[in-house]
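Subject: The two-chain model, with notes

Hi there,

Here is the structure I promised to pass on. Have a look at it first, and then read on for what turned up.

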Amino acid sequence: MSKEINRLHPVSAIITSLKALKSMILPIAIIIISNGFNFSLNFHSEHFWQTILLFGVWGGAALLALIGGIIKWRTFVYWFEDGELRVKYGLFVKKKRYIPFERIQSLNYNEGIFHRIFGLVKVQVETAGNKGGKPEVELTAIRKAAADAIELEMRRAKNEDAQQQLEQESTQVIKEETVSTPMIYHMAIKDLLVLATTSGGIGVVLSGLAAVISQFSDIIPYEAVFHELTDFVKVGVFLIALTVMFILIAAWVVSVVITLINYYDYTVRIEEEKLIITKGLLEKKRITLPLNRIQAIRIVENPLRQLTGFATVVVESAGGNGENGNDKKITLFPLIKRQACLQTLEQLFPEMNWHPAFVRSPKRARPFFYRVDFIWLVPVIGACSYFLYPYGLLSLLLIPLTILLGVWQHKTAGYQIDGKQLAMQYRVFSRTTLIMEKKRIQSIESTQSYFQKRKNVMSIKATVMSGMSGTTGTVPSLEQQDAETIFSWYEH
Amino acid sequence: MRAQPIHQISRKGLTVWRLYGVIQTLALLVVAGLASYGTYYFEWPSFIYWIAAAIVVLGILLLVLIFPKIRWERWRYEVREHEIEVQHGLFVVKRTLIPMVRVQHVDTTQGPILKKYDLGNISISTAATVHTIPALVMDEADRLRARISELARVAEDDV
């Protein structure tokens, strides 16, 4: 076993300090903007000390970040010993961390732009017991060959383990075939475009835009703007509408581009009971997901995609890193034809039933899906109609819309029990189908309000583990008999 | 129709909940008092007195008298060999089923008020959820904790 000490690539010093600097940009930008760009290096100017102070602090922080990055790079070492990955780092407080290879759940690779220039990769080592969504060990930047070496070492350690077991049992012979990893899903450019154009990323961009604007609020001379706004109104509502349209379209284009970059070349492969997801154009990501950590599978169809027969498949996984670090919902197929997705899932999990026949919510339960909404609808409509008299009456349209949505939700609510598997289907807007095995369900809860009791209906919630906390599926207002069937199914 | 879980929580639990209600009402009383003082001092419209009084009366009625009673009557639990079943709720009755195999650990906690009445809460944690049975007699809570951890150890895990 090699006891060679490995270091991070020097570029990691830059990457670490850049990361630290990045988190300082926003506060500094705010300070600069709120100062109204009143900076001066002229000693006699009243802004002189202010400027010196600001740039001094900023420069000091940058210097510290750089030194920190260099220290991390100089002190961080890792090596392989006794079937463990061992890591040591720290300047004053030395930290050592030993991770047995068989405990490693996954190695996730991430290549940012800097990494790609130098042919490097960021490796995140994950075990089952990750704390707070942080990977156990993060190697900021190492050569790809070094990353492969870790993987090789890990595989060798695991094989040795397996061989020892074999010798003990000395009965079976497992053929270790190095099969080329079969690809189970690759997103075509066409699908990618559909994904990008129909994704909800637009909301994110809009809220980002709002945040930016609110940052500028100090320097926008509101009185002037509002004065102009009245002129604006005189010119015509048309122009405003046009501006809003333009902003919306721009936001949408940005979101499309972001999605395109993030999901470019999205591929799912299966290798030794592990799913490997790779994606990204500028920043390449590789996520590993052991099959046995999967707790439940969620098929989400938003109304638009449901109409066109597309779905998104999300995997709830215990531990491990999601896309955003602490989010453990891993998107397996961002966009896939429903039929194709069912076939693929059938191949992946042959023991599960992917064509459940749902037992639906009874007809008398229908009012429960929209009646509650009247609690907030009535005051809102009342207020709108009263204060915005003629046009406020349009808010009355909310009533039929709410009822229609309720009816739709009612039609979607259903469950099915098949052997060891529970399937739930429900919708808020998007239709969600949640399929899980009995042994993965952490607890089941029924809820029944006074009114539901009178009508003999009951809602059911099932919770599975997902990352550090759980995720819950809820089917509202099922027949009480059915809800109790689920309870007794879960009991035995 | 499923039978309710058999055990109720301690009668003293109701007293403690009423006490909590009294504390919450006292907080309301402070707010109401401030509002009344403001009304007197700044000559705000006099209906504020009535609202303040109504809030305090409602607080006594609901938080001290009615809600604790309903909650206490609703609260049921049962620890069986293979699962724990819990029922609670105020307007909405919630029933939860936790299999023994899913139980990861059991805690008992006791605050100052509960200690005075020799009561304790017991929290049952699974990998994803935490379920609390409140206001058990401390002996019962300790016994239950021991029993659950015993049963949970016996139950075979197949995750």
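To start with chain A: which strands make up the open sheet of seven strands, and in what order do they lie? The order is β14-β13-β12-β18-β17-β16-β15, and the pairing is antiparallel. Because β14 (329-337) and β15 (359-360) of chain A each have a single partner strand, they stand at the edges, and one side of each is left without a neighbour in the sheet. Please keep in mind throughout that this is a predicted model.

Now to where the chains meet. On chain B, 17 residues are in contact with 19 residues of chain A. Strand β4 (residues 92-99) of chain B gives the most to that side of chain B, with seven residues. By type, the chain B residues there divide into eight nonpolar, three polar and six charged. Strand pairing crosses between the chains as well: β19 (residues 441-449) of chain A pairs with β4(B) in the antiparallel sense over six bridges. Within that pairing, A:Thr447 has B:Lys94 as its bridge partner.

Chain B has a helix pair that you can find quickly. Helix α1 (residues 11-42) and helix α2 (residues 47-74) of chain B pack with their axes 9 Å apart, at an angle of about 170 degrees. An angle over 145 degrees counts as roughly antiparallel, so that is how α1(B) lies to α2(B). Their contact is made by 18 nonpolar, seven polar and three charged residues.

An unreviewed UniProt entry annotates residues 72-148 of chain B as "domain: YdbS-like PH". Over those residues the model is 25% helix and 49% strand, with the end C-alpha atoms 23 Å apart.

Lastly, a word on confidence. Chain A averages a pLDDT of 81, and 80% of its residues score at least 70. In two stretches of chain A pLDDT stays under 50: residues 170-179, with two contacts beyond four places in sequence, and residues 321-326, with 15 such contacts.

Best wishes

Key: Residues are numbered from 1 along each chain as its sequence is written. Chains are lettered from A and ligands numbered from 1 in the order in which they are written. This is a predicted model: local features need pLDDT of at least 70, side-chain atom pairs count only at pLDDT 80 or more; totals for chains, interfaces and linings use all residues. Two residues are in contact if their C-beta atoms, placed from the backbone, lie within 7 Å. Helices (H or I, at least four residues) and strands (E, at least two) are DSSP runs, numbered from the N terminus. Ala, Val, Leu, Ile, Met, Phe, Trp, Tyr, Cys and Pro count as nonpolar, Asp, Glu, Lys and Arg as charged, and the others, Gly among them, as polar. Two strands pair if DSSP finds at least two bridges between them. pLDDT is the predictor's confidence in each residue, from 0 to 100. UniProt positions are given in the numbering used here, feature names are shortened, and annotations may be inferred rather than shown by experiment. Axes are lines fitted to C-alpha atoms, for helices over the stretch in contact, and angles run from 0 to 180 degrees between N-to-C directions. Angles under 35 degrees count as roughly parallel, over 145 as roughly antiparallel, 65 to 115 as roughly perpendicular and the rest as oblique.
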